[in-house]
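Work through the exercises below. Try each task before reading its solution.

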Amino acid sequence: MRKSSQPQSAMLKGTLDMMILRTLIGGDAHGHTIAKVIEHTSEDLLEVEQGSLYPALHRLEDRRWVSSCWGVSENNRKAKFYRLTAEGRKQLIRETSRWRQMRRAIGLVMGEEGGAQ
Amino acid sequence: MSWLRFLRRKRSDAELQDEIEAFLTEETADNEARGMSPDEARRQARTKLGNPQKVRETLWAQNSLLPLTNLGHDVKYALRTLSRTPGFSVIAVAVMALCIGAATSLFTIVRSVLLRPLPFRDPDRLVMMYEHHRGAGANTPDFSYNPVAPADFYDWRSKTHGFEDMAIMTYAGYNLTGEQEELPEAVRAAAGSWNLFQLLGVQPALGRAFTESEDRLGNTVVMLTWSVFQRRFAGDAQIVGRQIHLDGRPFTVVGVLPSWFTYPDAGIQLWLPYKADATPELLQHHDWHQSQVVARLRPDVSLASAQAQVGAVQYQLHLQYPHDSVNEDVAPRSLNEDLAGNVRKPLKLMLSAVGCMLLIGCLNVSNLLVARGAARQKEVAIRSALGAQRATLIREQLAESVLICAAGGLGGILLSVLATQLLTRAWKDLPTAQSIHLDGAVIAFACVLMFAAALVAGLLPALSTTGKTMMKALQTSARTGASSVSRTVLRKSLLTVEIGITVVLLVAAGLLLKSFLQLRSADVGCVTENMLTLKYSLPEKQYDTPEKVNAFNEALLERVRTIPGVRAAALGNTLPAAGYWGDYVFTVKEHPPLKPGEDLPEALMRWADPGYFSALGIPLVSGRFFTDDERVARSYKLIVSRQLVRQYMPGDDPIGKHLHVPAHAHPGAPGDVDYEIVGVVSDTLYQLGQKPKATMYFPILEGVTGGIQMLAVHTASEPLQFSVPVQKQIASLDPELPVSDVRTMNEVIGESLVNASLSATLVLAFAILSLLLASVGLYGVLSYLTTQRTSEIGIRMALGAQRDQLLQLMLIDGLRPALFGLGLGLVMSFAATRIFQSMLFGTKPLDPVVLSGVIATLLAVAVLACLAPAWRASRLDPMQALRTE
C-alpha cells in the first residue's frame, strides 16, 4: 500500500535483523534512530518499514540478542532503547560472514568481476 | 520462553503502542525541523509509519502460540454453537455422562478386582494349590479345584522344594462373649498356619504374628482384624496382650492386622493358629477336605515343575489310601484369579454391555451432529469458498463433540463415584482383598474414553459435512441436494449399527432375565413360605457332651413348638438352599468292592432332628423318618435322598442297606462304622441353580458337639414377627448364646440370587437405555427426513397422493434402518450369546421367547418412534408444503 515500497528500496529478505544489530554496535539506540541510521548510511537507498522494524526488534529481544529499557531520547522524550548483548555480537559476526559468502556467491552467479572484491 | 511471551503478550502490546507513539513524536519533530507545518509533519510521520494496527497485529501473532490460539477460538466457537441449541447440548452431555459414568465404574471394579496386583509381597508368585480330581475335564466350568486335606498339605510341604513356603488356612466360627457385659456375638474367623502372614508378606499393625510354637492344639492365641479391633475394642492398642473370650475360653490377643488386610474376605474378624482347634486325628486325615493352601513359588522354579513335584506326592498318597477320597492330582490357581474367579465372567459381560452402550451413545451423538451439520451446510460451504481449510473446519466441528464428551466425561466421573459405591455394596461376590476405589488410572481411563468417544462421535459428521460434495450446497437451492442424500444414507447406516447393538444388548438382557426368573422359580424341594431361620452354635466348653447338647436342642425345640402361631420347627446343621457345607465319601456295604480307579461315591452330609423333614415339608419316599430313639444310643441309622439312591443304588431297595462312611469322625465311635438306611426322602437343592446332589442325613440327636446349628420355624403368619419370641426362648435357655443370621427362608434364597439378579438388572438397564437412545435416533432421523422432503410431499399431495399412502411411505422409510438393524443385531447376538452361555440357568442362548420378545419390543418401539414424524408428514397442508422454499 505504501507509495515508498519501490523495488529499489525494498529490503533483501532476512537482512534487516543483521542491519539492526550492526547499527547497535555504535551504541544504544531507539527504534526511530535505528531506522534513520540505516536509511542514512545506505544513502537513502533503503527504507526501513516500521511495520517490520518493531516486530524484528521484539524478535531479536526474544532471542536475547538485544536488550531493551525505557529511557529519554536526545530530544528529551520517552523512548525504548535497544542495546546489543554479547550474544547479539556473536550473532552479528555469524550473520556478517554468512552475508559475505552470500554476496560473493550471488556476485559469481551474476558474472561480476572476481565475485565480491 | 515462547510461553512467557505468550503469557506477556498483552503487556508487550502496550509497550509497542508506546514505542509507536514515541516514533511518531520523533518523526514529527524531525519533520517540523525540516520546516513542515505541525499538521503536515504529523501526517507525514503517520504516512511513514504506515498502519500501526498492522504492526501490532504482526507482533501479536508473533507472540502467540498458534495452535493454542486456534484451540481457544475453536472452543469459543463450539461453545457458542452449543449454547444456541441448549436442548441438544443438554441431551448429548447427559447421554455421554451416563455412558462414560457406567463404563468408568465398571472399569474401576475390573481394575481393582482383575487387574491390580494384590497388596502382598510379590503377588505374582503366590498361588493357591488345590487337590484335583482328574475325571473332570480341563477348560470346562466344572474343572475341579478341591479343598485340601491337612495331612496332604503337611506331606506336600515337607516333601517338595518348588515353593519357598506353603501355608494352610481354613474357616471357623466362634462366639465372642463380652468382657464387660457387651452382647455376645457370633464371629467368622479363619485359622491359618503360623507362616501364612510371613508368606503373604503382611506385617501386623500392632503386636506380632503367630510363632511356630504357637501353632499347636489347644493354644489360645488370637489375632484381630482391623475391623473388629476398631468396632469392638474401640481401637485401643492396649488390647494386645490381653484376653478375649471365644466360646467361653480365654484367648490372648498377640497382634492386630493392618486395616487394608481383608483377605480372604472382609467378613473374617479373627485369626487363630491353624492347629489351635484341630484335633490330631483330623490333621492326620487325608480325607478332611476343608482347607485352602497358599504357596509362594521360588523365583528360580517354574510353576509347572513345582506343581509336578506336588502332584507326584499327591499321586503317591492317592495310591497309598485307596479307600479314602484322596484326589490323584493337584491344580494351582493364581491367588488373584482365585479371589476373583466367581465374578470374572459377569464382570466381563457387564463391561462389554457397558461398552456397547457407550458405542450407542457415541453413535447417537454422532447422528445428532450429522443432522446439525446438515443445517449448517451452507455456512460451511461459504466459509470454505472464502478459503477456510478443510482441516480447520473439521477441527472446529470436532471441538463441539470434544466439548460434549468432556462435559459428559466430567459428569460421568462424578456419577461413577456414586455408582461404584452402589455396585460394590450390591454385589456380594466381589472379592474385597483390594479396596475398590477411584484412582489416577481410572481417571486416566475416563479421559481416554472421553476423547475416544469424542473422536467416534465427531469425526464422521465432520468428515461428511466438509467433503467434496460440500460445494453442491452452494450450487443447489433446493434442500434435496446430492450432499443431503448422502448424509441421509450416513445417518441411516449409523442408526442401523446403533439398533444392531441395541438388539444384542436386549437379547443378552432378556436371556439373563429369563435365566434369573427360572432360578427364582426353581423348586427348592421344601416349604419356603413362612419359614424363619436362624443360626447358633453351642460352645464346646459348656456343651462338652452329647447329652448337654441334646438337652439344649430338645428343650429349645419343645419351647419353640409351643409358641402360639408356630406350626413346626426343624433343627439341622444347615437347611436347603443355604449352601454346600460339605460332603462325605462312602461305600455301599452290600455292593461288591469298587474296582481300582473307580470313583468313590460321595454325598452331601446333613444332620436332622426327627421333626426336620415334616417341618420343612420334605416328603418321605419310603421307610421312615428318624425317631427320638436315634440319639446318643448310637444306633447308626441314616436317611438318604432319592438322588443318592438313583445315582449309587439303582434298582436296589435301599431300606435296610448299609453305608460305610469312613470320614464321619463320630466322637467315640470306632473307625469303621456302617450306617443303616432307614428312610428315603425326596430331593432338595443345596443351592439354586445347581442340580440336586446325593445327600445323606444323620440324626442330630446322636450327639454332635460343636458346629453350627440351624433352626427353621414354620409359622402361621409373617415369620419375622416370630424372631423375637424365638430368640427370647434361646436367651432363657442360655443368655450367653449369640444368635446370628435371623432371616426368612425366602431371604436366604434371595441372597443366593443376588448376583444373578444384579447382572440381569444391570444389563437390562443398559439395554433399556440403549433402546431409548436408538428410538430417539430413529425419531430424529425421520423428523429430519420429513422436513427435507416437505416440498416433495407437497407435490405428491398436489398430484393426488392419499394421506394414508404418505403415512405408509414415511413409515417404511423410517422402519427400514430398524429392520436392517434388527437383522444385523440378531446375527451378532448369535455369536455373542455363546460367550456367556455358561452364566445361564435353564435358558438356551437361542431362547424363542426371549428372541421373539426382543423382536416385538424393538419393532414396537421403532414404530412408535417413526409414527410421530410420519403422521406429521401425512398431515401437512399441501399449499404450505409447496410454498416451503
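Helices (H or I, at least four residues) and strands (E, at least two) are DSSP runs, numbered from the N terminus. This is a predicted model: local features need pLDDT of at least 70, side-chain atom pairs count only at pLDDT 80 or more, and totals for chains, interfaces and linings use all residues. Residues are numbered from 1 along each chain as its sequence is written, and chains are lettered from A and ligands numbered from 1 in the order in which they are written.

**Exercise 1.** Describe the overall build of chain B.

Solution. Start with the elements: chain B has 26 helices and 22 strands. Next, take the radius of gyration, computed over C-alpha atoms. The value is 38 Å, well over the 29 Å that the globule rule (2.2 Å times the number of residues to the power 0.38) gives for 885 residues, so chain B is more spread out than a compact globule. Last, the C-alpha trace spans about 135 × 80 × 55 Å along its principal axes.

**Exercise 2.** Find the partners of β20(B).

Solution. Strands pair if DSSP finds at least two bridges between them. Strand β15(B), residues 602-608, runs parallel to β20(B), with 5 bridges. There, M605(B) stands opposite M696(B). Strand β17(B), residues 637-641, pairs antiparallel with β20(B) over 2 bridges. Here I639(B) faces Y697(B) as its opposite residue.
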